[in-house]
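Subject: Structure handover

Dear colleague,

Here is the structure I said I would pass on.

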Amino acid sequence: MGKKWIVRRAFVKSLPVMAAYVILGMGFGILMDDRGYAPGWSILCSVLIYAGAMQYVTADLLATAASPLSAALMTLMVNARHLFYGISMVGKYREMGKAKPYLIFGLTDETYSLLCDGRDWPGDARDARLYCFLVTLFDQCYWVLGTALGAVLGTVLAFNSTGIDFSMTALFVTVFVEQWLTAKERRAALVGVGSAAACLLIFGPERFLIPAMALIVLLLSATYPKGGKGRA
Amino acid sequence: MRDLQTAILIGVVALVTLLLRFLPFLVFNGKREAPRYILFLGDKLPYAIMGMLIIYCLRNVTFTAAANWLPAALGVLIVAALHIWRRNTLLSILGGTVVYMVLVQAVFV
């Protein structure tokens with residue numbers, strides 16, 4: 001298959017993330033501008049950290065002059081879910097060659113949601129490599145572009161953007177529904193929602209994520225076929 | 001001084017994020033075969049995590065007044081309905097977000 005075709009396919013695949021990332025990236029840029037940080041700092045965050053929710057937290061850490069240790073702990077908590085993404089991609093990214101380090105670095109929530117289904121990739125291994133690299137790269141470009149726009153134009157924009165962060169929720173709901181309609185994994189989906197909701201009620205919004213992840217692993221492990229032929 | 005502090009904090013956050021992303025690949029690299037159990041988890045987790053992330057996005061919703069939960073509930077319902085209807089990701093996200101913004105800005109103020 002031609003390169004041009006793969007570029008187009010990767011671009012079309014990344015379009016939903018474009019909307020979310022340009023807008024959420026702008027939100028981050030505006031927030032950093034609000035806190036008195038020059039556009040260069042916001043853009044540096046989006047290039048080096050490249051983790052949406054955590055960057056919003058980082059804006060707070062910077063403004064309150066948090067210690068490096070508490071910043072590290074906070075990052076560990078907020079981004080621990082990336083361990084999960086990595087685990088589920090170890091096999092799929094095995095043949096990614098030189099593109100692999102960047103693919104791992106750029107494995108955000110949204111990029112993961114676009115690439116986690118290997119059945120969706122081009123059949124040829126080299127095509128798949130280029131496809132995954134481009135989807136990852138396009139996503140980060142949207143994020144950096146949005147950040148730059150927000151940081152530079154933040155003060156000029158006059159529209160009321162209250163509630164625009166719902167686009168992040170909407171993206172996850174869309175992926176969830178799509179998985180629900182296409183896949184056979186409805187039990188795992190319910191385990192995720194149920195565990196998270198239960199832990200949210202018990203531990204509260206600030207600290208439910210780690211227990212929820214533990215509970216999810218525990219419940220999924222309970223369905224692991226013992227000694228048999230678990231599909232991998 | 002403030003610039004140095006800023007650079008250090010950004011560096012720390014970037015480094016820990018990088019570490020979390022690379023760790024699974026460093027532990028289960030080509031030489032060591034990932035255990036079947038890990039592959040099993042990797043197969044199931046995407047579905048569970050997407051559900052968890054939705055709850056994560058809605059974590060600050062409270063039920064003390066309709067204005068605190070109704071916009072989010074309607075937003076999620078509209079996104080789901082739009083997606084079941086048209087299976088168009090952009091349309092689902094845009095439609096739900098616009099409705100949510102109208103609700104929080106104009107209806108439930």
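Predicted model: local features only at pLDDT ≥ 70, side-chain atom pairs only at ≥ 80, totals over all residues.

Chain A holds 11 helices and zero strands. Its radius of gyration is 19 Å, close to the 17 Å that the globule rule gives for 232 residues, so chain A is as compact as a globular protein of that length. The C-alpha trace of chain A spans about 60 × 50 × 35 Å along its principal axes. Of the 232 residues in chain A, 46% are buried. Taking contacts in chain A between residues at least 6 apart in sequence, 76% join residues at least 24 apart.

Chain B has four helices and zero strands, in the order α-α-α-α. With 109 residues, chain B would have a radius of gyration of 13 Å by the globule rule; the value is 21 Å, well over that, so chain B is more spread out than a compact globule. Its C-alpha trace spans about 55 × 50 × 30 Å along the principal axes. Buried residues account for 44% of chain B. Among its contacts between residues at least 6 apart in sequence, 32% join residues at least 24 apart.

The largest nonpolar core has 103 residues, and those with the most contacts inside it include Phe172(A), Ala212(A), Val13(B) and Ala48(B). Helix α1 of chain A (residues 3-34) supplies the largest share of this core, 13 residues. Beyond its neighbours within four places in sequence, Ala48(B) is in contact with Ala188(A), Ala189(A), Val191(A), Gly192(A), Ile216(A) and Leu220(A).

Regards

Notes: Residues numbered from 1 in each chain as written. Chains lettered and ligands numbered in written order. Helix = DSSP H or I, 4+ residues; strand = E, 2+ residues; numbered from the N terminus. Rg over C-alpha atoms; globule rule 2.2 N^0.38 Å. Buried ≥ 20, exposed ≤ 12 C-beta atoms within 10 Å, placed from the backbone. Contact = placed C-beta atoms within 7 Å. Core = buried A, V, L, I, M, F, W, Y, C linked by C-beta atoms within 7 Å.
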